[in-house]
Amino acid sequence: MPNFKTQKIKELTLPYYQDGLGFLWSAQNNNVSLVYTKIEEESFFLQIKRVAHGFIIKGDKHAKPCKIDYLQKALKIFKENFCEGIINEAFKFQNNALVEKTPFIVNDFDELLSRLHGKIYIEIGFGSGRHLLYQAKENPDILILGVEIYNPALTQVAKLLKVHNINNVLLMQSDVRLLLSVLKSKSVERIFLHFPVPWEKKPHRRVISKEFCKECARVLTHTGRFELRTDSLEYFHFALNEFLTFPSPKLSLKKNQNLEISSKYEDRWKRQEKNIYDLWVWDIDEENKVYQPEEWGFSSIELSKKDLNLIEQNFYNKTIKKEDFFLHFQNLYKQGENLLLKLAFGAFNKPEHCYLHLSNTINFVFKEPFKIQENIKAINELKEIIKVCFHNA
């Protein structure tokens, strides 16, 4: 992550504005300061951490902008205006870096949901993009959504889409488990998962799990289909067993079928004469019991100065674990008379991180977490803890 080290931090006079960027306010604890930074439509934290012989300034990893150039610009402006004695730096900002924006890459779920339309295919971990581009060319009336965790793959495939004049594709850097959780039910026609990492020694890291299969069942249309292609027989059996837990799925099992398009991994496996396995699953509907909270957020809670003092005095790093969710109190920062609380929470396999600003009210600093069942339960648990704390005070 871009960063630099300096010997001294000057007094922060905030808010401070320069070249379309603003440092608006800061919050501190014993070792770290967070500077709330805003540029264009993005807001994030710069983190100032005290280390031996100075300070390291970088982006907070749980509140960083979608575009790395925004962070680099913030570091440059902060370095030039608030630092003395630069020891080293590991970032490079170019003024023209923010000019070009590809229409193929979406930066957050709100933007994605606003651009989804018609019939949708999803490809998980599209890599070099061969299969994704093939599907886009063969199905010009289908919106192809490519999901990848590695940013270089997104930028490379976005360039290929421009070269081939393909316009029915959206790309997003995300954990697909989070992505599926925000999609509408019965909204997807195909989900492709080709040659995922089998994680034979760490099966908990696999894309496929019981929860993943349930989300596939929810988002796929009644005629929709999940397609796995893998060179791992063990992964093939694992996936098959997960889908066989549904009441009456329809399955297609194939071995060493040649598709119209072959990925670079598949080419490699064929040269090594490895077997290739296909699992297609459809009709995987099940009754979906959706957890509906009476209230989302903290509008019913008002805080006094006494309440804030009580929270500050009783805060400590702790984790609450329930059967299907957790709540972890990570850090507490002071912002004048107000507080900033950092939390991790939600599902064990797809945790959420957020900051809460505590003044006379409680508000999410950035966007609200997604309203998946585990997040809702964790936030409601937090509200009960707050109420009990004040009741017993």
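1. A quick definition to start: a residue is buried under 20% relative accessible area, exposed over 50% and partly exposed in between, using a 1.4 Å probe and protein chains only. Keep in mind that this is a predicted model, where local features need pLDDT of at least 70, side-chain atom pairs count only at pLDDT 80 or more, and totals for chains, interfaces and linings use all residues. Residues are numbered from 1 along each chain as its sequence is written, and side-chain values use heavy atoms, leaving out hydrogens and water.

2. On to the aromatics: there are 18 aromatic pairs here. Rings of Phe, Tyr and Trp (its six-membered ring) pair if their centres lie within 6.5 Å, and planes under 30 degrees apart count as stacked, over 60 as edge-to-face and the rest as tilted.

3. Take Tyr 36 and Phe 366: their ring centres are 5.8 Å apart with planes at 20°, so they are stacked. Tyr 36 is buried at 12% relative accessible area, while Phe 366 is partly exposed at 22%.

4. Phe 326 is buried, with 12% relative accessible area, and Phe 348 is partly exposed at 45%.

5. A charge sits over a ring if NZ of Lys or CZ of Arg is within 6 Å of the ring centre and within 35 degrees of the ring normal. Lys 254 has its charged end over the ring of Trp 280, 5.0 Å from the centre; that of Lys 318 sits over the Phe 329 ring, 5.5 Å from its centre.
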